[in-house]
Amino acid sequence: MQVPVVAELFANGRSPDILFWVGCSGSFDQRAQKITRAFATILEKIGINYAILGKEEMCNGDPARRAGNEFLFQMMAYQNIQVLNNYGIKKIVTACPHCFNILKNEYPALGGNYDVIHHSVFLQQLIDEGKIKLKDGGSFKGKKITYHDSCYLGRANNIYEAPRRVLEALDAELIEMKRCRSNGLCCGAGGAQMFKEEEKGNTRVNFERTNEAIATGAHVIAAACPFCNTMLTDGVKNAEKESETKVMDIAELIAASI
């Protein structure tokens, strides 16, 4: 893929309308890279003037801050803010709720003021504006889909409707889990839990959550977060349901339907 990089555009006297913040997971995790590709494919197809920072993008510092290393967080954040401000970036879209939350809510205190949008909201806007046109009788028509609310998208930022509106546009049957929206259950990765061993208990949080999703009878468990995707995928493997239940990001579902 020929993904534009901000530095190259800048060298030619141009700047992107939107910066696509890829994030560590979307850059380095093999599964999350597919989500990044899917979202970049959508942006390419509909002709959005976007770019990524590429090698200039550092981790936003969220895992460091959640794990209590404030010094490391501020070091990373200031470096990112300097790069973003040097390029005059105004609008950022990201497919990771952790990146979204910290860039939107915690960077302004350090001098990083941007219009930050999560990709679920952005996709919903593009569908509403008629820029994304889905195939009639698309790949997921009539399929049962259940949506898992990411903590950093739902409870932290009150974004519940946008991802559901995107899924409804697919002409699929949306089935809710018992614990959903503001009452949703964490996938088990939030608050830097992704990077440490869990405390002993009767079951793993991601197994519990995945079993709730499988119990709906859904063919697809839709997520809007790379961390949730990892945890739910592990849960599906543990339940030995890989042949009948797929875990997919909403960007992948849309990319497969346009």
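**Group meeting talk: a walk through a predicted model**

Hi everyone, let me begin with contacts, meaning heavy atoms within 4.5 Å. Among the contacts in this protein with a separation of 6 or more, 79% are between residues 24 or more positions apart. Before going on, a word on the source: this is a predicted model, where local features need pLDDT of at least 70, side-chain atom pairs count only at pLDDT 80 or more, and totals for chains, interfaces and linings use all residues. Residues are numbered from 1 along each chain as its sequence is written, and side-chain values use heavy atoms, with hydrogens and water left out.

Now the overall picture. The protein has eleven helices and eight strands; these are DSSP runs numbered from the N terminus, with helices being H or I of at least four residues and strands being E of at least two. What radius of gyration would a compact globule with 258 residues have? It would be near 18 Å, and the protein has 18 Å, which agrees. That radius is taken over C-alpha atoms, and the globule rule is 2.2 Å times the number of residues to the power 0.38. Along the principal axes, the C-alpha trace spans about 50 × 50 × 30 Å. Of the 258 residues, 52% count as buried, where buried means under 20% relative accessible area, exposed means over 50%, and partly exposed is in between, using a 1.4 Å probe and protein chains only.

Let's look at helix H5, residues 70–86. Which residues of H5 are buried? They are Phe-73, Met-76, Ala-77, Asn-80, Ile-81, Val-83 and Leu-84. These residues cover an arc of only 165° around the axis, so they sit on the same side of H5; the arc is that of the directions from the helix axis to the C-beta atoms. On the other side, Phe-71, Gln-82 and Asn-86 are exposed. The buried residues of H5 pack against strand E1 (18–21), helix H4 (62–66), strand E3 (91–94) and helix H6 (97–105). After H5 comes Gly-88, with a positive phi near 65°.

Staying with H6, we find Asn-101 there. Asn-101 is buried, at 6% relative accessible area. Leaving out residues up to four places away in sequence, Asn-101 touches Arg-66, Glu-106, Tyr-152, Ala-156 and Asn-157. With Asn-157, the side chain of Asn-101 makes a polar contact of 3.1 Å. A polar contact is a pair of N or O atoms within 3.5 Å; within protein, one must be able to donate a hydrogen and the other to accept it, and residues adjacent in sequence count only if both atoms are side-chain atoms.

Next stop, Thr-36 in helix H3 (residues 30–45). Is Thr-36 buried or exposed? Thr-36 is buried, with a relative accessible area of 15%. A polar atom of its side chain lies 2.9 Å from the backbone oxygen of Gly-26.

Last, the cysteines. Cys-186 is partly exposed at 22% relative accessible area, whereas Cys-225 is buried at 1%.

Definitions and conventions: The expected span of a helix is 1.5 Å times one less than its number of residues.
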